[in-house]
Amino acid sequence: MGEEEPRIGVYVCHCGLNIAGVVDVEKVAREAAKLPNVVVSKDYRYMCADPGQEMIKEDIKKYNLTRVVVASCSPRMHEPTFRRCVESAGLNPFLFEMANIREHCSWCHPHYPEDATEKAIDLVKMAVAKARYLSPLEVIKVPVTRAALVIGGGVAGIHAALDLADMGFKVYLVERSPSIGGRMAQLDKTFPTLDCSICILGPKMVDVANHPNIELITYAEVKRVEGYIGNFRVTVVKKPRYVLESECNGCGECVKVCPVEVPNEFDENLGPRKAIYVPFPQAIPMVYTIDMDACIECYNCVEACKEQGREAIDFDMKEEEIHLEVGTIIVATGYDLYDPSRVRAYGYGLYDNVFTAIELERMINAAGPTQGHVIRFSDRRTPRSLAFITCVGSRDVKTNIYCSGFCCMYTLKNAILLKEHYPEMQIYVLFMDLRAPFKGYEEFYRRAREEGIIFLRGRPTELYEDPKTKNLIISMENLSTGEPMDLEVEMVVLSNAAVPAAGTEELSRILTVSRDASGFFMEAHPKLRPIDSPTDGVFFCGAAQGPKDIPYSVAQGSAAASRAARIMARGEWEIEPIVAYVDPERCRNTKTKCGICATKCPYGAITVEEGKAAVVNTAKCHGCGTCAADCPANAITQMHFTDAQIIAQIHAALEEKPEEKIIGFLCNWCSYGAADLAGTSRMEYPPNIRIIRVMCSGRLDRDFILEAFRKGAGMVLASGCRFGDCHYISGNYNAERRLKPLFKMLPRFGISPERFRLEWFSAAEAGFFTNLVKEMVETLKRLGPERIREENEKARPFLDRMLKHIGG
Amino acid sequence: MTWSLRRRGRIIKREEENRTIMERRLLVKQYELLLDRDICIGCGICADNCPKEAIIYSPAEFRGIRAVTRPSIDFDPERCVLCGECVSLCPMHALQMRIEREERVPVIEMNVFPLATRKRW
Ligand SMILES: Cc1cc2nc3c(=O)[nH]c(=O)nc-3n(C[C@H](O)[C@H](O)[C@H](O)COP(=O)(O)OP(=O)(O)OC[C@H]3O[C@@H](n4cnc5c(N)ncnc54)[C@H](O)[C@@H]3O)c2cc1C
Ligand code: SF4
Ligand code: SF4
Ligand code: SF4
Ligand code: SF4
């Protein structure tokens, strides 16, 4: 609290009849006026409308207000509006607090106007109590380096890099393999228009090579990322390719004399390449690479290169570390393919003539190892019949439950292409469901059916090889007829699913971003922030975030570029100041080794050096408050969600009839959102609950729960996002670890464990929230106020002792 | 990217009577390295000279002064790159290399002998 007593203004909104139709707003305003430090209290029809805001601004001047409380809708709705309002009247925007008496009160309790009014008064009381402890905060401004790092040079990364470079930003494009291009470079034609893949991709790759703003770093990987939005320091490790990029002119004379042939990964190992190679003729950069695992150091290539008048080959080349400074990072690392040999029943790797779709892409490609001929492994003859099996390694609980998105479409594409090349070939597509949404896709499906391709519905259960003919016999249930059937074909092609690219896990650690249940990178919000990672300044695009076809990947590449440009264009960036602060006087680490905070912070925002107090890197801190709750010395404060503020809210809520009340701690993103949604959906529940908002369940100190019981609360709810959905990566895991022991602890004090609930639900689960409150009120009734008071009395001496540091 | 499906193109080693056969089958090309164990005397020249250290040499085992097994060699299919250096050096012609069923030795065709050149460097 400041030196002077705070001067608080309270404004109760009618929201037309939305609030005033249920809650006696005048009474709320009258009661608020009686609260300590409140110097003015008013009610008005629409506080958010201009006259309402003007009223606040005038009062700030007239009454010299130092805090403002508005009781109206959810802070998730209008907190920014009112913050701006008080700021324009010269008050620090963080000296404003809101009481949610609409979503959490009038809308959910329309049939209990008196109880709702009482609850609204409590909610205002809680807001006023918190307001007394508010302190002014300054928005943190950090400078932004006007350069971006793009990781992965597939079609998505290429587009992101080109867009940013065209906007005038410096771009470093880091690609792991010797050439950019990604999977698209391997494809033959692309659905649904059947353009030649490399013909449309090639020119873009050349643009990347020639763009003055792009620095292409291939055969390299990101090893370390430090810093924060606007100020990332990146370490890239470039593998030696043993050919100098500055000297090699791509003549390829070395290849002719190299004696060693190994399988070419780019051709899915169907054909050979030399130990010195480019993966494909259009590779960018057009620089050869020596594969040291294959090279026998005969130095024939060195001689050949010399004969061309060059000295491009350098066997002394070493791994190189490159240090970059960038303001934003775009991750476009794409996907890998599911290893189909893991589905034993389909015999991949066991039977010669079972192929994968990407192998077929290379075969059917005129530039591929077979010059466009589709042939069998067993006799190099074109098959007369061929079956595609879809959903291999996807849409199956035994492998991956997700849909791989583009497999249906590429299966149709390849079926049509085969029909064009070989009109006589019998082509079957064995499918569970065929998915062809988006522009031109259903038309493409129709075309496939018209071209005489046979579609059979069912998931093959087994596949055998005829040892003599090497043909394949597929057993399946034909779901259209319900009959089991056997199908003999000369070749089988498996549509195997996209899976996260190798190294995704490591990269997620390097960037401190999360992955979803399937292992792909997880976006900050599935609908409204589909490109953003949870770490500010880091973005995703393309198949790295989940299987995506080319148009979608390209669109996301451009979207990621614009999200990154939004930050870099400004030259500086503002960070919400609701960050953590370590009091060096209290931090234990100065005396004994501690550092617990640093291990718990999901963003690695805390640095702990031996003998020194821990330090929070403000720009990296996301303000979840996990460290504040976990610090054993109570040395950490989360600004705007301080212990004093939260405890004041608890006390205010429990001033009267505490045994009838439920204190609910809800996280801003999920559980508070669910309570808001319950309101907007007009779901009704008993008015006993008093909700305290924290940004993340990770903020929930065990002391808060115990303090609520000490003050006589009937029940306490602690809640947050579902596991895996936490907006601060792992806050809810920390909360669970910390709060779960309470179920064992409480009975020891004499408190029935069912009076405490720990629940995880999403912002969409309003029904779950409503039922939860109903259930808790049932428990409250079943136990009865007498018993609750008794239990609380019994527990008080223990709790008083444990919570001495809180006082009161 | 790591093209993760490594199964294709691996060298598979198998024993057939007194022969060890190392075979790599690509869709468009097939390679074999054959060792005839009846001819091999276990001199170890190939093992000493293999540039990928893909040949494992086992010396003779003795009981007293009597050798109970002959010295022998074996291949490591994960390391061999089918260059044919061993074939070109074997004094007994116990080794043979075939590409597409035709007898061919890449290092001889390209006229290189890695070890010799390495010394020069
Ligand atoms: C058989 C088959 C056929 C297809 N046909 C079509 C079609 O006809 N039409 C269509 O629209 N889509 C098709 N697709 C889908 C298409 O391949 C993808 O939409 C597209 O490749 C996604 O592009 P991307 O840039 O996100 O990822 P990718 O193409 O996978 O590129 C990712 C790049 O990042 C690099 N990388 C990975 N990890 C790292 C790292 N840690 N550090 C640095 N670099 C890294 C990779 O080497 C690669 O170059 C097909 C897919 C398959 C399997
Ligand atoms: S030195 Fe290596 S890359 Fe060069 S020709 Fe010889 S085997 Fe091939
Ligand atoms: S734990 Fe949360 S509040 Fe604490 S420093 Fe890390 S991000 Fe900030
Ligand atoms: S072929 Fe070459 S790599 Fe293989 S064993 Fe013989 S010398 Fe070694
Ligand atoms: S060089 Fe020939 S004879 Fe000597 S060990 Fe090798 S294979 Fe046997």
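Predicted model: local features only at pLDDT ≥ 70, side-chain atom pairs only at ≥ 80, totals over all residues.

Biologist: Switching to charges. How many salt bridges are there over all chains?
Modeller: The search of the whole structure finds 69.

Biologist: Which residue does A:Glu97 pair with?
Modeller: A:Lys130, with the closest N and O atoms 4.0 Å apart. The pair links distant parts of the chain: A:Glu97 is in strand 4 and A:Lys130 in helix 5, 33 residues apart.

Biologist: Are those two buried or exposed?
Modeller: Both A:Glu97 and A:Lys130 are buried.

Biologist: What about A:Asp379 and A:Arg381?
Modeller: Their side chains form a salt bridge, at 3.4 Å from N to O. A:Asp379 counts as partly exposed because its relative accessible area is 36%. A:Arg381 is partly exposed too, at 30%.

Biologist: And A:Lys612, what is its partner?
Modeller: A:Glu609, and the closest N and O atoms are 3.0 Å apart. A:Lys612 is partly exposed at 48% relative accessibility, and A:Glu609 is partly exposed at 47%. Elsewhere, A:Asp122, A:Lys125, A:Glu655, A:Glu656, A:Lys661 and A:Arg690 are joined into one network by salt bridges that share partners.

Biologist: Back to single residues. Where is A:Ser41?
Modeller: In strand 2 of chain A, which spans residues 38-44. A:Ser41 counts as buried because its relative accessibility is 18%, and the cut-off for buried is under 20%.

Biologist: What does the side chain of A:Ser41 have 2.7 Å from a polar atom?
Modeller: The backbone oxygen of A:Ala29.

Biologist: Last topic, the surface. Which residues make the nonpolar patch on chain B?
Modeller: B:Ile39, B:Ile41 and B:Met92, with an area of about 240 Å². B:Met92 sits in the loop between helix 2 (85-89) and strand 8 (95-99) of chain B.

Biologist: Why does B:Met92 count as partly exposed?
Modeller: Because its relative accessibility is 36%, and partly exposed covers the range between under 20% for buried and over 50% for exposed.

Methods: Residues numbered from 1 in each chain as written. Chains lettered and ligands numbered in written order. Heavy atoms only, no water. Patch = residues over 30% accessible without salt bridge, like charges linked within 9 Å, V, L, I, M, F, W, Y side chains within 5 Å. Areas by Shrake-Rupley, 256 points an atom, 1.4 Å probe, with all protein chains shown as cover. Helix = DSSP H or I, 4+ residues; strand = E, 2+ residues; numbered from the N terminus. Buried < 20%, exposed > 50% of the residue type's maximum accessible area, 1.4 Å probe, protein only. Polar contact = N/O pair within 3.5 Å; in protein donor to acceptor, adjacent residues only side chain to side chain.
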